[in-house]
Amino acid sequence: MDKLVAVFAKLPGVDERSAKFLVDALSKNNLPGFDYLEFKQALGTLEAMNMDENTAIQSAYATASTMGLTKAKLLETANYYKKILASEQGKFAQALQQQTKIQIAGKQKEITNTQTVIEQKKAQIDRLHLEIAKHEEYIGKAQEQIEGSKHKIFSAKENFEKTYTVFDAELTDDINKITTILP
């Protein structure tokens with residue numbers, strides 16, 4: 001499905017990692033026979049030859065129709081793949097939430113607990129200052145880890161959402177074009 005990655009990866013605003021993830025999901029759920037995904041690949045090949053979009057759509061459909069593809073099946077399978085993408089978005093959101101909980105909330109709880117330990121230690125005699133300093137150093141490192149984790153998680157979320165929006169818009173646009181262009 002490298003051709004499929006190439007077809008979707010050329011769309012503006014697509015994150016390569018997210019594109020590969022979504023194309024992998026589409027590939028794993030690829031229906032047997034010639035359907036929207038194969039049509040999209042054929043369309044990409046024709047567009048790579050600098051064929052105008054309407055002609056490319058009609059040409060790809062003409063070829064596909066010899067293999068039994070109908071406009072109805074093309075639209076039905078495009079909508080099926082939209083549902084696959086939406087399902088993947090849901091799974092991604094759950095995984096993102098779990099990672100946020102693990103990497104941020106867990107660390108935040110560790111910081112809170114460590115701050116409590118620090119307050120208890122400050123009440124002790126002066127010989128405990130070294131131990132307090134070590135705990136304070138730990139907090140600084142944990143906060144740096146949180147900031148790094150936040151950036152990584154939210155960057156992945158932003159890249160995924162942007163790529164999902166582009167994929168969804170592309171599928172919607174293709175459905176509209178198929179609906180209006182094909183007989």
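Here is a chat about a predicted model, working through why its parts get the labels they do.

Me: Which residues of α2 and α5 meet?
Reply: From α2 you have F21, L22, A25 and L26, and from α5 there are Y81, I84, L85 and E88. By class, that contact has 7 nonpolar residues, no polar ones and 1 charged.

Me: What makes the rings of F21 and F160 an edge-to-face pair?
Reply: Two values are needed here. A pair of aromatic rings is described by the distance of the centres and the angle of the planes. To pair at all, ring centres must lie within 6.5 Å, and planes over 60 degrees apart count as edge-to-face. The centres of F21 and F160 are 6.1 Å apart and their planes are at 70 degrees, so this pair is edge-to-face. A search of the whole structure finds 5 aromatic pairs.

Me: How do you know that the F21 and F160 pair ties together parts that are apart in sequence?
Reply: F21 sits in helix α2 and F160 in helix α6 (residues 129-181), so the pair links parts that are 139 residues apart in sequence. F21 and F160 also belong to one aromatic cluster with F92 and Y164.

Me: Where is Y80, and what does Y80 touch?
Reply: Y80 is in helix α5. Leaving out residues up to four places away in sequence, Y80 touches N29 and L31. The C-alpha atoms of Y80 and T180 are separated by 19 Å, and the two residues are 100 apart along the chain.

Me: On to α3 and α4. Why is α3 called oblique to α4?
Reply: Their axes come within 9 Å and cross at roughly 135 degrees. Since that angle lies between 115 and 145, α3 is oblique to α4. This crossing is right-handed.

Me: Which residues meet where α3 and α4 touch?
Reply: On the α3 side they are F39, A42, L43, L46 and E47, and on the α4 side E53, A56, I57, S59, A60 and Y61. By class, the contact has 8 nonpolar, 1 polar and 2 charged residues.

Me: How do you know that K40 is buried?
Reply: K40 has 3% relative accessibility, and the cut-off for buried is under 20%, so K40 counts as buried. K40 is in helix α3. Not counting residues up to four places away in sequence, K40 touches L4, V7, F8, E170 and D174.

Me: What makes N50 count as exposed?
Reply: N50 is at 72% relative accessibility, and exposed means over 50%, so N50 counts as exposed. N50 is in the loop between α3 (36-48) and α4 (53-65). There's a backbone detail too: N50 has a positive phi of about 60 degrees although it is not a glycine.

Me: Last one. Why is P12 called exposed?
Reply: P12 has a relative accessible area of 65%, which is over 50%, so P12 is exposed. You'll find P12 in the loop between α1 (2-9) and α2. P12 and D24 are 12 residues apart in sequence and 19 Å apart in space, C-alpha to C-alpha.

Terms used. Residues are numbered from 1 along each chain as its sequence is written. This is a predicted model: local features need pLDDT of at least 70, side-chain atom pairs count only at pLDDT 80 or more; totals for chains, interfaces and linings use all residues. Side-chain values use heavy atoms; hydrogens and water are left out. Contact means heavy atoms within 4.5 Å. Helices (H or I, at least four residues) and strands (E, at least two) are DSSP runs, numbered from the N terminus. Ala, Val, Leu, Ile, Met, Phe, Trp, Tyr, Cys and Pro count as nonpolar, Asp, Glu, Lys and Arg as charged, and the others, Gly among them, as polar. Rings of Phe, Tyr and Trp (its six-membered ring) pair if their centres lie within 6.5 Å; planes under 30 degrees apart count as stacked, over 60 as edge-to-face and the rest as tilted. Buried means under 20% relative accessible area, exposed over 50%, partly exposed in between (1.4 Å probe, protein chains only). Axes are lines fitted to C-alpha atoms, for helices over the stretch in contact, and angles run from 0 to 180 degrees between N-to-C directions. Angles under 35 degrees count as roughly parallel, over 145 as roughly antiparallel, 65 to 115 as roughly perpendicular and the rest as oblique. A crossing is left-handed if the near helix is turned anticlockwise from the far one by less than a right angle, and right-handed if clockwise.
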